[in-house]
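Hello,

Here is the structure I promised to pass on to you.

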Amino acid sequence: MNATGAGRAAVVCGLGTCVPPYALTNEELSKLVDTSDAWIRSRTGIGQRHIADASTATSDLAVEAGGRALKSASENGSSAVDAVIVATTTPDHPCPATAPLVAARLGLGTVPAFDLAAVCTGFLYGLAAGAGLIAAGTAERVLVIGAETFSRILDPEDRSSRAIFGDGAGAVVLRAGEPDEPGALGPFDLGSDGSGSDLITVRTGGSRDPYPAGDAADPYFRMNGKAVFRNAVERMTESSRRVLDRTGWTGGLPDLVVAHQANLRILYAVADRIGVDRADCFVNIDRVGNTAAASIPLALGDADRSGALSAGRRVLLTAFGGGLTWGACTLTWPDIRPA
Ligand code: UT7
């Protein structure tokens, strides 16, 4: 390793996931709002989503997934980490950040720890930030967690968002390594477009519209579903193409796409446009719904456990979310055992 960190890669060496035990099925949801299993399945591909109980906050899920990722990493040869990043849209509090609490509860001492807000692209941005800390020589090992209790910010009357979003967390441990070894995060493509910031919002509670709120206050998550759908397909496709061009794999295409589980129709539209067979597009949205920043690591865990991911497979990660934000990254899957 050189002192400036130049040329160092960030290598995935541990993976852990967690969903709260309670799964809200479409049938149960249709007793709470005006919807149906048929509508939700045909428009989104979702069959159920996990919902945290009232005593469980985002940090609780983050600690569970983070602890499992650390265990998985220790089985693969590395133990402690020296930085923690928590990507989340639903922090425990507006202040302070959730990551220092998570680091303390995991017994990680006084390591640097910060939250990252990029909504559904948060985990990908977190991987890039973790890789940057490693490349700069600031950290040797970084715990990157995506964790959400999205159910806390949904309007109980909004059948559209309640059909989609669920709670969960997933985490990876990154270690310093070589760019050509399995698990090394390949090129990243990241982007944002704040001119679309009104398409996905939680309006009240920030400096523009602080609490205590006036009559126009809206504490809930809002999404312009149709506009987001179009942007998600376009941005994930473009970002994926750029990163695949830069990766330069023989044949040009990945063995498996692990995309943010936004909507099954979005996943298939992206796969079709980049020329990947739909069967090579990993899907777990039927079981967990859209878990925002937790989506990609949860999907990686399920893909590994199901055998869809195995050592040596070439993987494309891509995500899109509020901001607007988007991104993509490639890696060759390492020989790890998720916990
Ligand atoms: O994770 C980050 C980014 N998020 C996404 O990528 C999500 C992107 N958007 C979507 O997935 C879809 O736009 C939704 C699933 C949110 C909505 O699906 P859609 O096919 O775009 O439906 P729509 O909003 O155009 O609504 C069509 C109809 C409306 O009824 P009318 O006005 O035609 O009578 C809605 O009220 O479907 C109705 N509807 C529902 N009906 C039954 C909306 N939600 C539901 C529901 N059950 N849960």
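A word on terms before the notes: the domain bounds used here come from an automatic or database domain assignment. Please also keep in mind that this is a predicted model.

For the protein chain, that assignment gives domain 1, covering 5-177, and domain 2, covering 188-332. Between the two, the contact takes 45 residues from domain 1 and 42 residues from domain 2. Their C-alpha centres are 14 Å apart.

How much area is buried between domain 1 and domain 2? The figure is about 3,300 Å², and carbon and sulfur atoms give 68% of it.

The rule finds one salt bridge across the interface of the two domains. A salt bridge also joins the side chains of Arg222 and Asp155, at 3.0 Å from N to O. Polar contacts between domain 1 and domain 2 come to 17 residue pairs, counting pairs with both residues at pLDDT 80 or more.

On the side of domain 1 that touches domain 2, the elements giving two or more residues include the helices H2 (37-44), H5 (122-135) and H6 (159-164). Among the strands there are E1 (9-18), E3 (48-50), E6 (141-149) and E7 (167-177). Which element gives the largest share of that side? Helix H5 does, with six residues. By residue class, this side of domain 1 divides into 24 nonpolar, 15 polar and six charged residues.

Happy to go through any of this with you.

Best wishes

Conventions. Residues numbered from 1 in each chain as written. Predicted model: local features only at pLDDT ≥ 70, side-chain atom pairs only at ≥ 80, totals over all residues. Heavy atoms only, no water. Contact = heavy atoms within 4.5 Å. Buried area = accessible area lost by both parts, 1.4 Å probe. Salt bridge = Lys/Arg side-chain N within 4 Å of Asp/Glu carboxyl O. Polar contact = N/O pair within 3.5 Å; in protein donor to acceptor, adjacent residues only side chain to side chain. Helix = DSSP H or I, 4+ residues; strand = E, 2+ residues; numbered from the N terminus. Nonpolar A, V, L, I, M, F, W, Y, C, P; charged D, E, K, R; others polar.
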